[in-house]
Amino acid sequence: MEETADGRSKKTVFVTVGTTCFDALVRGVDAFNVKEELSRKGYTDLLIQMGRGSYIPSKTSGEGCLTVDYFTFSSSISDYLKSASLVISHAGSGSIFEALRLGKSLIVVVNEDLMDNHQSELAEELAERKHLLCARPQNLHETIRTMDLESLISYPPADATPAAKCINRFLGFPDD
């Protein structure tokens, strides 16, 4: 496990807004109370992928010694997700399922500015099933303060076998 300059185990929080503009989420994780709660929980690094947003987060973290950095886009966020101890994500299904597939602890923040927000339905359903935590930008600090990541249930991997058998039968191939 990587260590910080002061010898602590490195625990990174990766924040992603995908390709959208979700300044409310970037502002939310940039808030002093959120950074303070993350630091209190033992996180050492905060990396924010801010997408098309115009809000620029602060690289300072106050007393908590939380190292903060940000970027707009990357050709792939896979490596960032893999190295994260905690992922805070917008409610896009691709980002959600990629983090869950990697077995990451996940807080999904719903963008309330979207019309006909089916993303909130997905996030709330997965939260109800205890696969992730669901928050709004304005209550993110409270979600972090009260989170119990040990209570989350791993998302089961997909099994394509039934679909493949159905397709094979349709095409006239014998069942194995």
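Trainee: How do you know that Arg40 and Glu36 are separated by about one helical turn?

Mentor: In this predicted model, Arg40 and Glu36 both belong to helix H2 and stand 4 residues apart, which means that about one turn of the helix lies between them.

Trainee: What makes the contact of Arg40 with Glu36 a salt bridge?

Mentor: The closest N and O atoms of Arg40 and Glu36 are 3.7 Å apart, and the cut-off is 4 Å between a side-chain nitrogen of Lys or Arg and a carboxyl oxygen of Asp or Glu, so the pair qualifies as a salt bridge.

Trainee: Why is Arg40 called exposed, and what is the term for Glu36?

Mentor: Arg40 has a relative accessibility of 56%, and exposed means over 50%, so Arg40 is counted as exposed. Glu36, with a relative accessible area of 31%, falls between the limits of 20% and 50%, and therefore Glu36 is partly exposed.

Trainee: Which residues are linked with Arg40 in a network of salt bridges?

Mentor: The network links Glu36, Glu37 and Arg40. Glu37 also forms a salt bridge with Arg40, with closest N and O atoms 2.9 Å apart, and these two residues of helix H2 are 3 residues apart, again about one turn of the helix. Glu37 counts as buried, because its relative accessibility is 8% and the limit is under 20%.

Trainee: How many salt bridges does a search of the whole structure find?

Mentor: The search finds 8 salt bridges, one of them being formed by the side chains of Arg129 and Glu125, where N and O are 2.7 Å apart. Glu125 has 35% relative accessibility and therefore counts as partly exposed.

Trainee: Why is Leu47 called buried, and where does Leu47 lie?

Mentor: Leu47 has a relative accessible area of 17%, which is under the 20% cut-off, so the word buried applies to Leu47. Leu47 lies in strand S2, and beyond its neighbours within four places in sequence it is in contact with residues including Val13, Phe14, Val15 and Tyr80.

Trainee: What makes strand S1 mostly covered?

Mentor: Of the 5 residues in S1, 5 are buried. In a regular strand the side chains alternate between the two faces of the sheet. In S1, Thr12, Phe14 and Thr16 are buried on one side, and Val13 and Val15 are buried on the other, leaving both faces covered.

Trainee: How do you know that S1 and S2 pair, and what joins S1 to S4?

Mentor: S1 and S2 share 5 bridges in the parallel sense, and pairing needs at least two bridges, so the two strands pair. S1 and S4 likewise run parallel, joined by 4 bridges. Thr16 takes part on both sides, standing opposite Gln49 in S2 and having Ser89 as its bridge partner in S4.

Trainee: Which residues touch the most other members of the largest nonpolar core?

Mentor: That core has 25 residues, and Leu25, Leu38, Ile88, Ile107 and Leu140 touch the most other members. Among the elements that each supply at least two residues of this core are S1, S2, S4 and helix H6, while the largest share, 3 residues, comes from H1. Leu38, leaving aside its neighbours within four places in sequence, is in contact with Val13, Tyr43, Leu46, Leu66, Leu86 and Ile144. A second, separate core of 17 residues includes Ala91, Leu100, Leu106 and Val110.

How values were computed. Residues numbered from 1 in each chain as written. Predicted model: local features only at pLDDT ≥ 70, side-chain atom pairs only at ≥ 80, totals over all residues. Heavy atoms only, no water. Core = buried A, V, L, I, M, F, W, Y, C linked by side-chain atoms within 4.5 Å. Buried < 20%, exposed > 50% of the residue type's maximum accessible area, 1.4 Å probe, protein only. Contact = heavy atoms within 4.5 Å.
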